[in-house]
Amino acid sequence: MLDLYSSFLEAATTHKDATAIINGDNSCTYEELSSYADNVCQSLYSLEQPLYIGIALTRSIDLFAAIIGCLKAGIVYVHLDLELPDQQLSYILNNLSIEHVITDENNLERFKAIGCEALVYREILNPPSVANSKPYQTNPNCCVLYTSSTTGRAKAILLSQQAIMNTVLDVDYLDLKPGIRVAQCNSTSFDPILCETFWALLYGGTLIICHKPTVINPKQFADFLNQNPIDILFLATPIFHLHVKYKPSIYRNIDTLLVGGDVLQPKITRHVLLEPHNAPRRLINMYGPTENTVMTTMHQVKLSDTRSCIPIGTTVKHSTSYILDENLKPVKEGDVGELYVSGDKLTAGYVGKEAAFHNQAFITIPANQLYLNHDKPIRIYNTGDLVYKEDGLLYFVGRKDDRVKVNGIRIELEEVRLALLGLKGIEDAYVTAHKHDDDTHHHRDYIQAYVKTKIHKQTAIRKQLKKTVPKHMIPKKIFRIEQIPLSPNGKINRKRLHEYIIPFAEDMTNNPFQSHYPKVPPRKVINLHRPRILKIRANNSQS
(Lines give C-alpha, C1' and ligand atoms only; values in the text may rest on other atoms or scores of the structure.)
Protein backbone atom coordinates (compact mmCIF):
# COMPACT_ATOMS: atom_id res chain seq x y z
CA MET A 1 0.00 0.00 0.00
CA LEU A 2 1.15 3.55 -0.69
CA ASP A 3 2.35 5.73 2.19
CA LEU A 4 0.94 9.20 2.88
CA TYR A 5 3.60 11.14 0.98
CA SER A 6 3.38 8.91 -2.11
CA SER A 7 -0.40 9.32 -2.09
CA PHE A 8 -0.03 13.09 -1.86
CA LEU A 9 2.55 13.12 -4.66
CA GLU A 10 0.18 11.14 -6.89
CA ALA A 11 -2.59 13.70 -6.28
CA ALA A 12 -0.18 16.62 -6.73
CA THR A 13 1.07 15.25 -10.04
CA THR A 14 -2.41 14.57 -11.39
CA HIS A 15 -3.92 17.87 -10.19
CA LYS A 16 -0.86 20.14 -10.23
CA ASP A 17 -2.78 23.26 -11.30
CA ALA A 18 -5.71 22.73 -8.91
CA THR A 19 -5.99 24.81 -5.74
CA ALA A 20 -4.70 22.78 -2.79
CA ILE A 21 -5.13 25.21 0.13
CA ILE A 22 -7.01 28.45 0.70
CA ASN A 23 -6.17 30.60 3.71
CA GLY A 24 -8.10 33.84 3.52
CA ASP A 25 -6.69 35.84 0.61
CA ASN A 26 -3.78 33.43 0.17
CA SER A 27 -3.85 30.18 -1.76
CA CYS A 28 -1.52 27.71 -3.43
CA THR A 29 -1.75 25.06 -6.11
CA TYR A 30 -0.70 21.45 -5.68
CA GLU A 31 2.44 22.15 -7.70
CA GLU A 32 3.39 25.04 -5.39
CA LEU A 33 2.59 23.07 -2.23
CA SER A 34 4.70 20.15 -3.45
CA SER A 35 7.59 22.53 -4.19
CA TYR A 36 7.40 24.08 -0.70
CA ALA A 37 7.37 20.59 0.85
CA ASP A 38 10.41 19.55 -1.23
CA ASN A 39 12.37 22.52 0.11
CA VAL A 40 11.41 21.71 3.69
CA CYS A 41 12.50 18.12 3.13
CA GLN A 42 15.89 19.13 1.68
CA SER A 43 16.54 21.40 4.67
CA LEU A 44 15.63 18.62 7.09
CA TYR A 45 18.09 16.29 5.36
CA SER A 46 20.87 18.58 6.61
CA LEU A 47 20.00 17.59 10.20
CA GLU A 48 21.40 14.51 11.84
CA GLN A 49 18.43 12.12 11.60
CA PRO A 50 16.14 13.22 14.48
CA LEU A 51 13.58 10.84 15.96
CA TYR A 52 11.01 13.63 16.22
CA ILE A 53 10.72 17.20 15.00
CA GLY A 54 8.32 19.78 16.40
CA ILE A 55 6.05 21.89 14.20
CA ALA A 56 4.90 25.11 15.88
CA LEU A 57 3.13 27.07 13.18
CA THR A 58 -0.30 28.65 13.01
CA ARG A 59 -2.75 26.91 10.69
CA SER A 60 -1.62 28.13 7.29
CA ILE A 61 -0.13 27.00 3.97
CA ASP A 62 3.24 26.97 5.79
CA LEU A 63 1.96 24.43 8.33
CA PHE A 64 0.78 21.91 5.74
CA ALA A 65 3.90 22.32 3.62
CA ALA A 66 5.97 21.55 6.74
CA ILE A 67 3.85 18.45 7.46
CA ILE A 68 4.30 17.08 3.94
CA GLY A 69 8.01 17.94 4.03
CA CYS A 70 8.41 15.90 7.22
CA LEU A 71 6.55 12.96 5.65
CA LYS A 72 8.87 13.03 2.64
CA ALA A 73 11.96 13.25 4.85
CA GLY A 74 10.76 10.29 6.90
CA ILE A 75 10.74 12.25 10.18
CA VAL A 76 7.89 11.92 12.70
CA TYR A 77 6.44 15.35 13.41
CA VAL A 78 4.90 16.56 16.67
CA HIS A 79 2.24 19.27 16.60
CA LEU A 80 3.03 22.01 19.13
CA ASP A 81 0.00 24.18 19.80
CA LEU A 82 1.17 27.79 20.15
CA GLU A 83 -1.73 28.47 22.55
CA LEU A 84 -0.09 26.21 25.14
CA PRO A 85 1.88 27.89 27.95
CA ASP A 86 5.67 27.69 27.84
CA GLN A 87 5.76 25.24 30.74
CA GLN A 88 3.62 22.74 28.85
CA LEU A 89 5.56 23.19 25.61
CA SER A 90 8.79 22.62 27.55
CA TYR A 91 7.36 19.41 29.01
CA ILE A 92 6.46 18.08 25.55
CA LEU A 93 9.87 18.94 24.11
CA ASN A 94 11.73 17.33 27.02
CA ASN A 95 9.41 14.34 27.16
CA LEU A 96 10.18 13.38 23.56
CA SER A 97 13.75 14.79 23.49
CA ILE A 98 12.83 17.13 20.62
CA GLU A 99 15.83 19.24 19.66
CA HIS A 100 14.47 21.04 16.59
CA VAL A 101 11.23 22.95 16.06
CA ILE A 102 9.95 24.44 12.80
CA THR A 103 8.34 27.77 13.70
CA ASP A 104 8.03 31.36 12.49
CA GLU A 105 10.00 34.52 13.23
CA ASN A 106 7.52 35.60 15.92
CA ASN A 107 8.19 32.51 18.05
CA LEU A 108 11.91 32.17 17.43
CA GLU A 109 13.01 33.67 20.76
CA ARG A 110 10.26 31.83 22.62
CA PHE A 111 11.62 28.42 21.68
CA LYS A 112 15.21 29.50 22.20
CA ALA A 113 14.26 30.50 25.77
CA ILE A 114 12.67 27.07 26.27
CA GLY A 115 15.99 25.53 25.19
CA CYS A 116 15.24 24.24 21.72
CA GLU A 117 16.79 24.99 18.35
CA ALA A 118 14.19 26.82 16.27
CA LEU A 119 14.17 26.42 12.50
CA VAL A 120 12.46 29.43 10.93
CA TYR A 121 10.09 28.16 8.24
CA ARG A 122 10.81 30.98 5.79
CA GLU A 123 14.54 30.25 6.02
CA ILE A 124 14.26 26.50 5.47
CA LEU A 125 12.30 27.18 2.28
CA ASN A 126 15.73 27.99 0.82
CA PRO A 127 17.67 24.76 1.23
CA PRO A 128 21.44 24.50 0.56
CA SER A 129 22.30 25.18 -3.08
CA VAL A 130 24.03 21.82 -3.37
CA ALA A 131 21.31 19.21 -3.37
CA ASN A 132 21.66 16.61 -0.66
CA SER A 133 21.98 13.10 -2.04
CA LYS A 134 20.21 11.60 0.96
CA PRO A 135 17.38 9.47 -0.50
CA TYR A 136 13.73 9.77 0.41
CA GLN A 137 13.03 7.21 3.08
CA THR A 138 9.65 6.15 4.38
CA ASN A 139 8.92 5.98 8.08
CA PRO A 140 6.16 3.62 9.23
CA ASN A 141 5.07 6.31 11.71
CA CYS A 142 3.61 9.70 10.89
CA CYS A 143 3.17 11.95 13.92
CA VAL A 144 2.68 12.29 17.66
CA LEU A 145 -0.46 13.85 19.10
CA TYR A 146 -1.11 14.64 22.73
CA THR A 147 -4.54 13.39 23.69
CA SER A 148 -6.82 15.15 26.16
CA SER A 149 -6.96 13.17 29.37
CA THR A 150 -9.45 12.72 32.19
CA THR A 151 -6.57 11.90 34.54
CA GLY A 152 -5.02 15.35 34.23
CA ARG A 153 -1.93 14.28 32.25
CA ALA A 154 -2.13 14.24 28.47
CA LYS A 155 -0.52 11.23 26.81
CA ALA A 156 1.78 11.30 23.78
CA ILE A 157 0.34 8.97 21.13
CA LEU A 158 2.38 7.74 18.17
CA LEU A 159 0.23 7.40 15.05
CA SER A 160 1.36 5.13 12.24
CA GLN A 161 0.97 5.95 8.56
CA GLN A 162 -0.92 2.71 8.01
CA ALA A 163 -3.53 3.60 10.66
CA ILE A 164 -4.06 7.05 9.13
CA MET A 165 -4.28 5.59 5.61
CA ASN A 166 -6.95 3.16 6.82
CA THR A 167 -8.85 6.08 8.32
CA VAL A 168 -8.78 8.52 5.40
CA LEU A 169 -8.56 6.40 2.26
CA ASP A 170 -10.89 3.44 2.73
CA VAL A 171 -14.01 5.46 3.60
CA ASP A 172 -17.56 4.39 2.73
CA TYR A 173 -19.51 7.18 4.48
CA LEU A 174 -18.08 10.08 2.42
CA ASP A 175 -17.97 10.84 -1.28
CA LEU A 176 -14.29 11.74 -1.58
CA LYS A 177 -13.17 12.82 -5.05
CA PRO A 178 -11.06 15.42 -6.88
CA GLY A 179 -12.26 18.97 -6.31
CA ILE A 180 -13.90 18.20 -2.96
CA ARG A 181 -13.85 21.20 -0.62
CA VAL A 182 -12.96 20.40 3.00
CA ALA A 183 -13.06 23.00 5.78
CA GLN A 184 -10.08 23.01 8.13
CA CYS A 185 -11.48 24.25 11.46
CA ASN A 186 -9.78 22.13 14.12
CA SER A 187 -6.67 23.03 16.08
CA THR A 188 -3.36 21.25 15.58
CA SER A 189 -3.84 19.50 18.94
CA PHE A 190 -7.17 17.89 17.96
CA ASP A 191 -6.93 14.69 15.90
CA PRO A 192 -9.67 15.53 13.32
CA ILE A 193 -7.02 17.75 11.69
CA LEU A 194 -5.62 14.50 10.22
CA CYS A 195 -8.92 13.75 8.47
CA GLU A 196 -9.38 17.31 7.26
CA THR A 197 -5.84 17.42 5.86
CA PHE A 198 -5.72 14.11 4.05
CA TRP A 199 -9.37 13.95 2.93
CA ALA A 200 -8.52 17.02 0.85
CA LEU A 201 -4.87 16.63 -0.10
CA LEU A 202 -4.84 12.92 -1.00
CA TYR A 203 -7.83 13.25 -3.31
CA GLY A 204 -7.01 16.41 -5.26
CA GLY A 205 -9.45 18.47 -3.19
CA THR A 206 -9.15 21.92 -1.62
CA LEU A 207 -8.45 22.52 2.07
CA ILE A 208 -10.09 25.78 3.25
CA ILE A 209 -8.71 27.10 6.52
CA CYS A 210 -11.01 28.78 9.04
CA HIS A 211 -9.32 30.27 12.10
CA LYS A 212 -10.43 29.92 15.71
CA PRO A 213 -11.86 33.45 16.26
CA THR A 214 -14.20 32.81 13.32
CA VAL A 215 -15.05 29.21 14.29
CA ILE A 216 -16.15 30.15 17.83
CA ASN A 217 -18.13 33.20 16.67
CA PRO A 218 -21.39 31.87 15.19
CA LYS A 219 -22.15 35.02 13.19
CA GLN A 220 -18.67 35.15 11.66
CA PHE A 221 -18.76 31.43 10.97
CA ALA A 222 -22.09 31.77 9.19
CA ASP A 223 -20.49 34.45 6.99
CA PHE A 224 -17.52 32.13 6.33
CA LEU A 225 -19.85 29.35 5.15
CA ASN A 226 -21.78 31.76 2.93
CA GLN A 227 -18.56 32.97 1.29
CA ASN A 228 -16.89 29.54 0.97
CA PRO A 229 -18.81 26.58 -0.46
CA ILE A 230 -17.94 23.58 1.73
CA ASP A 231 -18.57 19.89 1.07
CA ILE A 232 -17.17 18.39 4.29
CA LEU A 233 -17.13 20.04 7.71
CA PHE A 234 -15.83 18.35 10.90
CA LEU A 235 -16.57 20.14 14.19
CA ALA A 236 -16.12 19.47 17.89
CA THR A 237 -19.57 18.79 19.38
CA PRO A 238 -19.57 21.81 21.77
CA ILE A 239 -18.82 24.09 18.78
CA PHE A 240 -21.74 22.52 16.90
CA HIS A 241 -24.03 23.22 19.87
CA LEU A 242 -22.80 26.82 20.00
CA HIS A 243 -23.55 27.41 16.31
CA VAL A 244 -27.01 25.82 16.39
CA LYS A 245 -28.12 27.96 19.32
CA TYR A 246 -27.34 30.99 17.18
CA LYS A 247 -28.89 29.75 13.92
CA PRO A 248 -30.16 26.17 13.40
CA SER A 249 -29.98 26.56 9.60
CA ILE A 250 -26.31 27.63 9.64
CA TYR A 251 -25.23 24.36 7.92
CA ARG A 252 -27.91 24.32 5.22
CA ASN A 253 -25.37 24.40 2.36
CA ILE A 254 -23.07 21.70 3.78
CA ASP A 255 -23.06 18.27 2.15
CA THR A 256 -21.66 16.30 5.11
CA LEU A 257 -21.29 17.60 8.65
CA LEU A 258 -19.39 15.41 11.11
CA VAL A 259 -19.40 16.14 14.84
CA GLY A 260 -17.47 14.44 17.60
CA GLY A 261 -15.55 14.81 20.84
CA ASP A 262 -18.53 15.04 23.21
CA VAL A 263 -22.09 13.84 23.68
CA LEU A 264 -24.49 15.13 21.02
CA GLN A 265 -27.48 16.81 22.68
CA PRO A 266 -30.80 15.59 21.22
CA LYS A 267 -32.73 18.81 21.94
CA ILE A 268 -30.21 21.01 20.09
CA THR A 269 -29.71 18.53 17.25
CA ARG A 270 -33.46 18.35 16.68
CA HIS A 271 -33.53 22.05 15.75
CA VAL A 272 -31.09 21.33 12.89
CA LEU A 273 -33.08 18.43 11.43
CA LEU A 274 -36.64 19.72 11.83
CA GLU A 275 -36.58 21.40 8.42
CA PRO A 276 -34.71 19.17 5.91
CA HIS A 277 -34.19 22.02 3.43
CA ASN A 278 -32.33 23.96 6.13
CA ALA A 279 -30.19 21.01 7.31
CA PRO A 280 -26.93 19.55 5.97
CA ARG A 281 -27.46 16.65 3.58
CA ARG A 282 -25.87 14.34 6.13
CA LEU A 283 -25.21 14.85 9.83
CA ILE A 284 -22.85 12.20 11.22
CA ASN A 285 -22.18 11.62 14.90
CA MET A 286 -18.59 10.40 15.25
CA TYR A 287 -17.00 8.70 18.24
CA GLY A 288 -13.44 7.61 18.72
CA PRO A 289 -10.35 7.99 20.88
CA THR A 290 -7.09 9.19 19.33
CA GLU A 291 -5.65 5.77 20.24
CA ASN A 292 -7.79 4.32 17.44
CA THR A 293 -6.92 7.11 14.98
CA VAL A 294 -9.69 9.69 15.22
CA MET A 295 -12.82 7.59 14.77
CA THR A 296 -14.15 4.23 15.87
CA THR A 297 -17.90 4.46 15.30
CA MET A 298 -20.25 6.64 13.27
CA HIS A 299 -23.98 7.19 12.95
CA GLN A 300 -25.93 9.22 10.42
CA VAL A 301 -28.38 11.11 12.62
CA LYS A 302 -32.07 11.13 11.72
CA LEU A 303 -34.81 13.28 13.22
CA SER A 304 -36.24 10.24 15.03
CA ASP A 305 -32.90 9.80 16.86
CA THR A 306 -33.39 13.12 18.65
CA ARG A 307 -36.31 11.88 20.75
CA SER A 308 -33.86 10.37 23.21
CA CYS A 309 -30.16 9.52 23.45
CA ILE A 310 -28.46 9.75 20.04
CA PRO A 311 -26.44 6.59 19.25
CA ILE A 312 -22.74 6.64 18.45
CA GLY A 313 -23.66 4.02 15.89
CA THR A 314 -21.76 1.21 14.23
CA THR A 315 -18.06 0.45 14.01
CA VAL A 316 -16.20 1.86 10.99
CA LYS A 317 -14.04 -0.15 8.59
CA HIS A 318 -10.73 -1.55 9.88
CA SER A 319 -12.00 -1.53 13.48
CA THR A 320 -13.84 -4.01 15.69
CA SER A 321 -15.65 -3.10 18.91
CA TYR A 322 -16.15 -5.26 21.98
CA ILE A 323 -18.29 -4.52 25.03
CA LEU A 324 -16.67 -6.37 27.92
CA ASP A 325 -17.26 -6.82 31.65
CA GLU A 326 -14.67 -6.55 34.41
CA ASN A 327 -13.41 -10.05 33.57
CA LEU A 328 -12.92 -9.13 29.89
CA LYS A 329 -15.88 -11.27 28.85
CA PRO A 330 -18.48 -10.01 26.34
CA VAL A 331 -21.70 -8.73 27.96
CA LYS A 332 -25.23 -9.52 26.79
CA GLU A 333 -26.88 -7.15 24.32
CA GLY A 334 -28.46 -4.30 26.22
CA ASP A 335 -26.08 -4.59 29.19
CA VAL A 336 -23.60 -1.81 29.94
CA GLY A 337 -19.91 -2.65 29.67
CA GLU A 338 -16.55 -1.11 28.84
CA LEU A 339 -15.78 -0.47 25.19
CA TYR A 340 -12.63 -2.08 23.80
CA VAL A 341 -11.48 -1.72 20.18
CA SER A 342 -9.10 -3.60 17.91
CA GLY A 343 -8.10 -3.53 14.26
CA ASP A 344 -5.79 -1.89 11.73
CA LYS A 345 -6.52 1.64 12.98
CA LEU A 346 -4.99 1.14 16.42
CA THR A 347 -2.02 3.42 16.94
CA ALA A 348 1.49 2.32 17.83
CA GLY A 349 0.73 3.41 21.41
CA TYR A 350 2.18 5.82 23.94
CA VAL A 351 5.71 7.23 23.80
CA GLY A 352 7.88 9.28 26.10
CA LYS A 353 7.20 9.09 29.84
CA GLU A 354 3.63 8.04 29.08
CA ALA A 355 4.93 4.75 27.63
CA ALA A 356 4.56 3.44 31.19
CA PHE A 357 0.77 3.53 30.69
CA HIS A 358 0.95 1.55 27.46
CA ASN A 359 0.43 -1.94 28.87
CA GLN A 360 -2.50 -0.76 30.99
CA ALA A 361 -4.43 0.55 27.98
CA PHE A 362 -3.27 -1.76 25.18
CA ILE A 363 -3.59 -5.43 26.08
CA THR A 364 -3.43 -8.74 24.22
CA ILE A 365 -5.96 -11.47 24.94
CA PRO A 366 -6.79 -14.86 23.36
CA ALA A 367 -9.39 -14.68 20.58
CA ASN A 368 -11.46 -17.48 22.12
CA GLN A 369 -12.05 -15.24 25.14
CA LEU A 370 -14.04 -13.01 22.78
CA TYR A 371 -15.86 -16.03 21.33
CA LEU A 372 -14.07 -15.72 17.98
CA ASN A 373 -13.44 -18.66 15.65
CA HIS A 374 -9.65 -18.59 15.75
CA ASP A 375 -7.00 -18.86 18.42
CA LYS A 376 -4.72 -15.95 17.44
CA PRO A 377 -4.10 -13.38 20.19
CA ILE A 378 -5.81 -10.01 19.64
CA ARG A 379 -4.45 -6.61 20.60
CA ILE A 380 -7.23 -4.44 22.02
CA TYR A 381 -7.44 -0.94 23.49
CA ASN A 382 -9.47 -0.09 26.59
CA THR A 383 -11.28 3.18 25.87
CA GLY A 384 -12.47 3.61 29.46
CA ASP A 385 -15.94 4.44 28.08
CA LEU A 386 -19.14 2.71 29.11
CA VAL A 387 -21.56 1.74 26.33
CA TYR A 388 -24.36 -0.65 25.51
CA LYS A 389 -25.71 -2.09 22.24
CA GLU A 390 -29.32 -2.06 21.17
CA ASP A 391 -30.70 -3.06 17.75
CA GLY A 392 -27.15 -3.19 16.41
CA LEU A 393 -26.29 0.37 17.47
CA LEU A 394 -23.85 1.46 20.18
CA TYR A 395 -24.96 4.02 22.78
CA PHE A 396 -22.56 6.03 24.93
CA VAL A 397 -23.31 5.95 28.68
CA GLY A 398 -20.33 7.81 30.15
CA ARG A 399 -16.75 7.54 31.30
CA LYS A 400 -15.88 4.77 33.73
CA ASP A 401 -14.00 7.49 35.65
CA ASP A 402 -17.28 9.43 35.94
CA ARG A 403 -19.09 6.74 37.89
CA VAL A 404 -19.67 7.79 41.48
CA LYS A 405 -21.54 6.33 44.42
CA VAL A 406 -23.78 8.56 46.53
CA ASN A 407 -25.13 6.87 49.67
CA GLY A 408 -24.20 3.54 48.13
CA ILE A 409 -26.09 4.17 44.87
CA ARG A 410 -24.11 4.23 41.62
CA ILE A 411 -24.69 7.31 39.46
CA GLU A 412 -23.67 8.03 35.87
CA LEU A 413 -22.80 11.73 35.53
CA GLU A 414 -23.90 11.81 31.90
CA GLU A 415 -27.42 10.76 32.93
CA VAL A 416 -27.62 13.72 35.31
CA ARG A 417 -26.34 16.06 32.63
CA LEU A 418 -28.92 14.86 30.11
CA ALA A 419 -31.67 15.31 32.71
CA LEU A 420 -30.57 18.92 33.28
CA LEU A 421 -30.42 19.61 29.54
CA GLY A 422 -33.99 18.38 29.24
CA LEU A 423 -35.28 21.04 31.64
CA LYS A 424 -36.97 24.19 30.42
CA GLY A 425 -34.66 27.20 30.64
CA ILE A 426 -31.38 25.25 30.76
CA GLU A 427 -29.18 26.22 27.81
CA ASP A 428 -26.13 24.12 28.67
CA ALA A 429 -24.90 21.98 31.54
CA TYR A 430 -21.89 20.07 32.80
CA VAL A 431 -21.78 17.69 35.77
CA THR A 432 -18.75 16.71 37.83
CA ALA A 433 -18.05 14.39 40.73
CA HIS A 434 -16.61 15.85 43.91
CA LYS A 435 -14.76 13.41 46.12
CA HIS A 436 -13.56 14.21 49.63
CA ASP A 437 -13.10 12.73 53.09
CA ASP A 438 -15.37 14.03 55.84
CA ASP A 439 -14.51 14.53 59.54
CA THR A 440 -14.89 10.80 60.16
CA HIS A 441 -12.37 10.05 57.37
CA HIS A 442 -15.02 8.34 55.24
CA HIS A 443 -15.25 8.96 51.52
CA ARG A 444 -18.25 11.16 50.80
CA ASP A 445 -18.82 11.58 47.07
CA TYR A 446 -21.35 14.02 45.74
CA ILE A 447 -22.21 15.53 42.39
CA GLN A 448 -22.25 19.16 41.42
CA ALA A 449 -23.62 20.80 38.30
CA TYR A 450 -22.67 23.88 36.30
CA VAL A 451 -25.56 25.30 34.27
CA LYS A 452 -25.89 28.12 31.77
CA THR A 453 -29.40 29.42 32.35
CA LYS A 454 -31.58 32.49 32.61
CA ILE A 455 -33.31 30.94 35.62
CA HIS A 456 -32.39 33.14 38.56
CA LYS A 457 -33.32 30.72 41.33
CA GLN A 458 -31.53 27.47 42.07
CA THR A 459 -34.66 26.21 43.83
CA ALA A 460 -36.59 26.47 40.56
CA ILE A 461 -34.08 24.14 38.88
CA ARG A 462 -34.24 21.65 41.73
CA LYS A 463 -38.06 21.72 41.62
CA GLN A 464 -38.03 20.80 37.91
CA LEU A 465 -35.34 18.15 38.39
CA LYS A 466 -37.27 16.39 41.18
CA LYS A 467 -40.01 15.64 38.67
CA THR A 468 -37.65 13.81 36.30
CA VAL A 469 -34.95 12.01 38.33
CA PRO A 470 -34.66 10.19 41.68
CA LYS A 471 -33.54 12.18 44.71
CA HIS A 472 -30.01 10.69 44.70
CA MET A 473 -29.40 12.10 41.19
CA ILE A 474 -30.06 15.71 42.17
CA PRO A 475 -26.71 17.55 42.45
CA LYS A 476 -25.74 18.68 45.93
CA LYS A 477 -24.49 21.96 44.48
CA ILE A 478 -25.67 23.76 41.37
CA PHE A 479 -23.55 26.62 40.05
CA ARG A 480 -24.78 29.14 37.53
CA ILE A 481 -22.18 30.06 34.90
CA GLU A 482 -21.90 32.63 32.12
CA GLN A 483 -20.78 30.02 29.58
CA ILE A 484 -19.22 26.59 29.27
CA PRO A 485 -15.47 27.23 28.70
CA LEU A 486 -13.84 25.42 25.81
CA SER A 487 -10.27 24.18 25.37
CA PRO A 488 -8.21 25.02 22.24
CA ASN A 489 -9.52 21.85 20.54
CA GLY A 490 -13.16 22.79 21.15
CA LYS A 491 -13.84 20.39 24.01
CA ILE A 492 -15.18 21.41 27.42
CA ASN A 493 -12.42 22.81 29.66
CA ARG A 494 -13.59 21.63 33.07
CA LYS A 495 -10.58 23.08 34.87
CA ARG A 496 -11.88 26.59 34.09
CA LEU A 497 -15.55 26.07 34.97
CA HIS A 498 -15.20 27.86 38.31
CA GLU A 499 -13.93 31.02 36.57
CA TYR A 500 -17.32 31.57 34.93
CA ILE A 501 -19.54 31.22 37.99
CA ILE A 502 -22.10 33.95 38.69
CA PRO A 503 -24.38 33.79 41.76
CA PHE A 504 -28.03 32.92 41.57
CA ALA A 505 -30.16 35.91 42.56
CA GLU A 506 -31.41 34.09 45.68
CA ASP A 507 -27.85 33.62 46.93
CA MET A 508 -27.18 37.35 46.66
CA THR A 509 -30.50 38.13 48.38
CA ASN A 510 -30.04 35.69 51.24
CA ASN A 511 -26.47 36.68 52.03
CA PRO A 512 -24.54 38.75 49.52
CA PHE A 513 -21.36 38.68 51.61
CA GLN A 514 -21.00 34.99 52.43
CA SER A 515 -21.64 32.08 50.16
CA HIS A 516 -20.42 28.57 49.46
CA TYR A 517 -19.71 29.75 45.91
CA PRO A 518 -16.17 30.53 44.81
CA LYS A 519 -15.33 34.23 44.91
CA VAL A 520 -17.00 36.07 42.06
CA PRO A 521 -15.28 39.09 40.48
CA PRO A 522 -17.20 42.30 41.33
CA ARG A 523 -17.68 43.01 37.61
CA LYS A 524 -19.80 39.87 37.22
CA VAL A 525 -21.94 40.71 40.25
CA ILE A 526 -22.53 44.23 38.92
CA ASN A 527 -23.42 42.93 35.46
CA LEU A 528 -25.86 40.46 36.99
CA HIS A 529 -27.78 43.26 38.70
CA ARG A 530 -27.15 45.99 36.11
CA PRO A 531 -30.78 46.11 34.83
CA ARG A 532 -32.02 46.58 38.40
CA ILE A 533 -29.38 49.25 39.13
CA LEU A 534 -30.26 51.21 35.99
CA LYS A 535 -33.96 51.06 36.87
CA ILE A 536 -33.28 52.46 40.36
CA ARG A 537 -31.17 55.25 38.87
CA ALA A 538 -33.91 56.12 36.39
CA ASN A 539 -36.51 56.29 39.13
CA ASN A 540 -34.26 58.49 41.27
CA SER A 541 -33.60 60.90 38.40
CA GLN A 542 -37.33 61.19 37.72
CA SER A 543 -37.93 61.97 41.38
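Helices of at least four residues and strands of at least two are DSSP runs, numbered from the N terminus. On this basis the protein comprises 17 helices and 27 strands. The model is a predicted one. Of its 543 residues, 54% are buried. Among contacts with a separation of 6 or more, 64% join residues 24 or more positions apart. The accessible surface amounts to about 25600 Å², and carbon and sulfur atoms account for 49% of that surface.

Helix H4 spans residues 86-95, and its buried residues are Leu89, Ser90, Ile92, Leu93 and Asn95. Strand S4 (76-79) is one of the packing partners of H4. Strand S5 (100-103) and helix H5 (108-114) also pack against the buried residues of H4, as do strand S7 (141-147) and strand S8 (155-160). After H4 comes Ser97, which has a positive phi near 55 degrees. Helix H14, covering residues 413-421, is largely enclosed by the rest of the structure because seven of its nine residues are buried.

Strand S1 (residues 19-23) contains Ala20. With a relative accessible area of 0%, Ala20 is buried. Leaving aside residues up to four places away in sequence, Ala20 touches Cys28, Thr29, Tyr30 and Leu33, and also Leu201, Gly205, Thr206 and Leu207. The C-alpha atom of Ala20 lies 9.8 Å from that of Ser34, a residue 14 positions away along the chain.

The loop between strand S19 (362-366) and strand S20 (377-390) includes Tyr371, and Lys376 is placed in this loop between S19 and S20 as well. Tyr371 is exposed, at 58% relative accessibility. Its contacts, not counting residues up to four places away in sequence, are with Lys329 and Pro330. The C-alpha atoms of Tyr371 and Pro330 are separated by 8.3 Å, although the two residues are 41 residues apart along the chain. Lys376 is likewise exposed, with a relative accessible area of 59%. Under the sequence limit of four places, Lys376 touches Pro366 and Ala367. Between the C-alpha atoms of Lys376 and Ile365, eleven residues apart along the chain, the separation is 8.8 Å.

Thr293 has a phi near 55 degrees and lies in the loop between strand S13 (282-287) and strand S14 (297-300). At 1% relative accessibility, Thr293 is buried. Asp391, also with a positive phi near 55 degrees, belongs to the loop between S20 and strand S21 (393-399). Asp391 is exposed, at 70% relative accessibility.

The cysteines form zero disulfides. A disulfide would require a pair of cysteine sulfur atoms within 2.5 Å. For Cys41 the closest cysteine sulfur is that of Cys70, and the separation of 8.9 Å is too far for a bond. Cys41 is buried, at 0% relative accessibility. Cys116 is buried too, with a relative accessibility of 6%.

Rolling a probe the size of a water molecule over the atoms shows where empty space is left. One cavity of 30 Å³ or more is present in the structure. The largest cavity holds about 60 Å³ of space. Its lining includes Asn166, Thr167, Asp170, Val171, Asp172 and Tyr173, together with Met295, Val316, Lys317 and Lys345. By class, the lining of the largest cavity has four nonpolar, two polar and four charged residues.

Definitions and conventions. Residues numbered from 1 in each chain as written. Predicted model: local features only at pLDDT ≥ 70, side-chain atom pairs only at ≥ 80, totals over all residues. Heavy atoms only, no water. 1 Å grid on protein atoms, 1.4 Å probe; cavity = no way out; pocket = protein on both sides within 12 Å on 5 of 7 lines; lining within 4 Å. Points joined across faces, edges and corners; volume = space filled by probe spheres on them. Nonpolar A, V, L, I, M, F, W, Y, C, P; charged D, E, K, R; others polar. Buried < 20%, exposed > 50% of the residue type's maximum accessible area, 1.4 Å probe, protein only. Contact = heavy atoms within 4.5 Å. Areas by Shrake-Rupley, 256 points an atom, 1.4 Å probe, with all protein chains shown as cover.
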